[in-house]
Amino acid sequence: MLQGWVIVLVAFAYLGVLFAVAYYGDKRAEAGRSIIANPYIYALSLAVYCSTWTFYGSVGRAASTGIGFLPVYLGPTLMVALWWYTMRKIIRITKAYRITSIADFISSRYGKSQMLGRLVTVIAVIGVIPYISLQLKAISGSFTILRHYPRIVMPTQAVAQPILNDTALYIALMLAAFTILFGTRHLDATERHEGLVAAIAFESVVKLLGFLVVGAFVTFGIYRGFGEIFRLAQQVPRLRALMTVADTGNTYGTWGFLTFLSMLSIVTLPRQFQISVVENVDEDHLRKAIWLFPLYLFLINVFVLPIALGGMMLFAGRGVDADTFVLTLPMAQQKEALALFAFIGGLSAGTGMVIVETIALSTMVCNDLVMPVLLRVKWLRLNERPDLSRLLLSIRRWAITGILMLGYIHFRAAGEAYALVATGLISFAAVAQFAPAIFGGIYWRGGTRDGAIAGLSAGFAVWAYTLLLPSFAKSGWLPASFLTEGPFGIPLLKPQQLFGLSGLDEISHCLFWSMLANIGIHVVVSLAGRQSITETGQATMFVDVFRRTQAPERSGLWRGSAAVEDLLPLLGRFLGPDRAREAFLAYARRRGVDSPEQLRADADLVAFAETQLAGAIGGASARVMVASLVQEQPPGLDEVMDILDEASQVRAYSRQLEQKSRELEAATAELRAANKLLQELDRMKDDFMSTVTHELRTPLTSIRAFSEILLEDPEIHLPERKRFLAIIVKETQRLTRLINQVLDLSKIESGSAEWHTTELDVHEVIRESVETSSQLFRESRVELVTSAGTDAGPRVMADRDRLVQVLINLLSNAVKVCRPGEGRVEIRLAVSNGFLRVDVQDNGPGISPADHETVFEKFRQVGDTLTGKPKGTGLGLPISRRIVEHFGGRLWVESELGKGATFSFILPLEVPAAKAGPELAQAAG
Amino acid sequence: MGKRILIVEDEPNIVISLEFLMKREGFEVEVATDGEAALMAVGESAPDLVLLDIMLPKMNGFEVCQKLRADPRWRGMKIVMLTAKGRETEVAKGMALGADLYVTKPFSTKDLVAQVKELLGSGT
């Protein structure tokens with residue numbers, strides 16, 4: 001009668017009813033008359049907390065540990081008492097900032113960190129998969145047991161069954177299908193599923209009823225009430241032990257830890273967060289929930305002990321798994337309908353949990369794992385796709401399927417290693433790691449993103465080490481020595497007796513160490529680090545949420561602005577065009593504006609769009625998408641790097657400039673010095689020119705004057721006429737001489753003079769000079785004496801004409817200064833050290849030592865004032881000096897006033913003209 | 001009463017030409033061949049006009065001019081600077097020191113005579 005197909009049919013019928021309830025709920029919600037806006041519905045929906053673990057597993061736990069099954073329900077009871085403060089805050093935050101999942105909550109709080117969202121999602125999935133697999137185990141197990149009615153057969157090992165015969169696989173697939181149907185028909189900005197909540201409330205009633213009925217049957221049907229069961233149980237020693245705390249080996253410590261653990265789990269389990277926070281419609285519902293939910297828990301646990309005790313007594317020695325008592329007891333009593341109802345109750349418990357949990361997980365996977373990656377993959381060009389809502393939904397569907405498949409795989413691989421409750425507690429311990437981040441996040445402004453990531457990672461690592469790995473060891477995947485002796489034989493690192501902490505059961509042990517690591521590292525890293533601006537803003541928004549009144553659209557962090565024309569299509573892509581337009585319309589009306597197009601493009605609008613979008617793709621991704629539209633977004637890391645780069649380039653450039661300007665200064669100083677020198681030379685040249693001009697003009701004056709006089713006046717007497725003409729002639733000659741000498745000196749000084757250097761006999765040269773000057777001497781009646789004979793004299797290399805010029809110059813100078821009749825000029829020669837020396841001595845007035853150098857200056861003439869203006873050009877000596885120096889010699893004068901003057905020069909003997917050296921000085925004496 | 005002209009010039013030939021020119025015009029001529037002698041000559045008998053060369057031994061013509069102008073006795077005396085130095089700065093300097101005329105050598109005899117006559121003709 002209870003054949004397989006009957007059971008399947010009933011099961012599908014039940015699920016159909018469930019679906020109908022959900023559908024009705026959704027329809028009523030769309031019509032605006034929500035059926036779930038009701039605190040009773042809310043409280044009932046919270047009961048999704050009770051899964052097959054509660055339905056089947058509690059009895060199993062009670063059978064081994066007596067009332068040790070209770071802490072898991074004490075915890076929520078206690079926690080709910082605090083809910084008016086904690087849960088209300090969480091709900092307010094979630095509603096205000098459009099948070100859609102527990103990963104979204106944590107990542108939002110800590111600066112909308114995508115990293116944190118990813119981490120939470122991964123931990124949630126890893127932690128909850130065992131929990132899902134235990135539902136599969138329970139449902140498939142109960143199906144298998146029921147199928148064998150009236151025989152009571154325990155389900156065989158899952159691994160023994162080939163996959164295609166495995167009912168669990170089909171159950172998993174069916175659950176996937178239903179979850180997709182329930183949860184992914186459309187995208188809602190708030191991620192609320194009114195129909196789902198209605199269905200969950202419905203199934204909570206069903207499972208409660210189912211358990212109560214079975215419990216009542218066992219207590220009052222099989223036995224005669226509670227009193228009899230306990231009385232009978234007392235007689236069995238083992239059972240008596242179960243009923244007291246001390247004898248069951250339960251320590252207060254274990255109770256304490258488990259209670260604490262379940263207190264956390266009632267908040268941190270993804271399905272609990274979804275149902276109690278995200279799906280909440282009104283904060284006030286919490287008031288009723290605070291006592292309704294514990295009442296439910298009480299009711300569903302009332303009959304656990306009686307069933308356990310009754311089962312153990314009735315099935316003593318038959319090897320019936322205590323986890324199945326709820327089903328097998330009615331079966332054993334041939335109550336088909338009851339057994340079927342019990343099965344449906346269990347199915348209800350399992351599907352409720354799986355559906356809600358998987359929807360919550362798939363939302364997180366989609367928003368926090370997949371979408372951020374896809375948004376970054378440029379070639380997908382997600383920005384250009386008009387409607388992304390279909391993509392989002394399909395991602396979620398795949399996620400749901402994937403998660404359920406993973407649950408199935410876990411079931412096949414490790415399903416037998418643990419009893420149901422133990423598996424569940426492992427999941428609790430995993431999601432409990434979220435608690436420090438959440439509770440710290442809403443009460444402590446100092447928590448930083450890095451602290452949360454570090455704490456979460458540390459806690460999860462400890463959990464994995466102390467619970468997950470040991471579960472692998474117990475399943476045989478790791479050597480047992482890993483547990484008994486620790487890794488690599490280090491006893492202090494034994495996974496379940498870390499650092500020697502023994503005496504705790506594995507759950508408590510894990511909880512202790514993981515919470516220590518999690519909270520400790522979270523606090524330390526948070527205190528040691530600094531928050532970003534976004535983090536600080538988010539922290540304030542979270543911690544102070546009650547102080548801020550209804551201001552869900554305010555977000556002071558947005559500095560930019562974008563137009564409605566841009567935001568509307570963006571929202572439309574993710575939410576669907578209609579929903580986006582509705583949302584904007586509602587917002588516009590709230591702002592007192594008729595149409596969205598008239599909305600001002602300001603930071604509030606942007607914040608509004610961001611929160612709307614967060615509902616679809618999560619807070620972090622929403623921020624990124626909106627930021628790509630908004631102008632004046634804060635610079636990203638790339639831009640900051642560019643700015644820094646530029647800054648350092650500018651610095652390097654300015655250093656170069658500094659250096660160049662220093663070099664420039666140095667060059668300028670040099671130039672200035674050179675300029676001064678040139679100016680000096682220029683002035684000297686000017687002086688020379690001016691002097692030359694003056695000297696040239698003087699004879700010209702006479703020439704012109706007398707010429708004009710003679711021309712003008714024909715009456716001038718002949719003697720005077722002759723006189724004047726003579727002056728003209730003489731001045732002309734003077735002028736010519738001057739011009740010649742100036743030119744000569746110029747040529748010599750500029751190096752453009754021609755030198756015809758040959759070997760000369762000095763005697764010859766002197767003879768020639770004497771001869772040329774003889775007339776002058778005769779006229780002046782000055783005696784000239786020379787020692788140069790007619791024999792061959794010393795030989796020098798020189799230009800003949802020039803040397804003659806020098807000698808004539810010296811001689812004529814001498815003549816000019818000598819008194820007529822008394823004058824005597826002597827030429828002397830001498831040879832020494834390879835040099836020829838010639839002296840021209842006169843007995844004139846002499847030259848004072850002060851003027852010894854002056855005589856050699858251009859145009860300077862030193863003369864006796866008594867004799868009038870000195871004759872001559874003043875250029876003779878300078879020219880002579882240059883000539884002598886050109887041939888490697890030197891010309892100087894020795895004289896004293898009143899003692900005559902001796903002009904001397906030396907020339908190297910038969911050596912080509914070379915620069916004078918130290919020998920010259922020596923020869924000069 | 002003829003006008004007296006003092007020629008201050010150290011080039012002998014130029015002195016001859018100037019002397020001839022001035023005497024021909026009927027002026028009395030005195031000669032000094034350096035600056036100091038010039039001042040002494042002026043002190044002895046103030047001339048009506050001084051033909052003053054600049055490049056003089058002992059004291060150059062600028063100084064002489066300055067000294068002559070400094071003395072109130074010789075305010076009315078005409079000073080004609082006669083020099084081969086023709087740069088504008090020199091001209092300006094000469095005029096600034098109070099010369100009545102600045103003539104560069106070589107000069108035109110006709111012009112010089114005309115200008116001297118004019119200077120001496122005006123005023124008595």
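Modeller: Strands of a sheet pair through backbone hydrogen bonds, either parallel or antiparallel. In this predicted model, B:V50 has B:I79 as its bridge partner in β4(B), and the two strands concerned, β3(B) and β4 (residues 78-83) of chain B, pair in the parallel sense over five bridges. Between them in the unit comes helix α3 (residues 61-70) of chain B, and β3(B), this helix and β4(B) make a right-handed β-α-β unit.

Biologist: Which residue of β3(B) is the bridge partner of B:I5?

Modeller: That partner is B:L49, and strand β1 (residues 4-8) of chain B pairs with β3(B) in the parallel sense over four bridges.

Biologist: Which way do the residues of β3(B) point, and are they buried or exposed?

Modeller: In a regular strand the side chains alternate between the two faces of the sheet. Here B:L49, B:L51 and B:D53 point one way, whereas B:V50 and B:L52 point the other way, and all are buried. Because five of the five residues of β3 (residues 49-53) of chain B are buried, the strand is largely enclosed by the rest of the structure.

Biologist: In what order do the five strands of the open sheet in chain A run?

Modeller: The order is β2-β4-β5-β7-β6, with mixed pairing. At the edges stand β2 (783-786) and β6 (890-895) of chain A, each with a single partner strand, so one side of each is left without a neighbour in the sheet. Within this sheet, β4 (residues 824-832) and β5 (residues 835-842) of chain A pair in the antiparallel sense over eight bridges, and A:L829 stands opposite A:V838 in β5(A).

Note on methods:
Residues numbered from 1 in each chain as written. Chains lettered and ligands numbered in written order. Predicted model: local features only at pLDDT ≥ 70, side-chain atom pairs only at ≥ 80, totals over all residues. Heavy atoms only, no water. Buried < 20%, exposed > 50% of the residue type's maximum accessible area, 1.4 Å probe, protein only. Pairing = 2+ DSSP bridges. Right-handed = clockwise from strand over helix to strand, strands pointing away.
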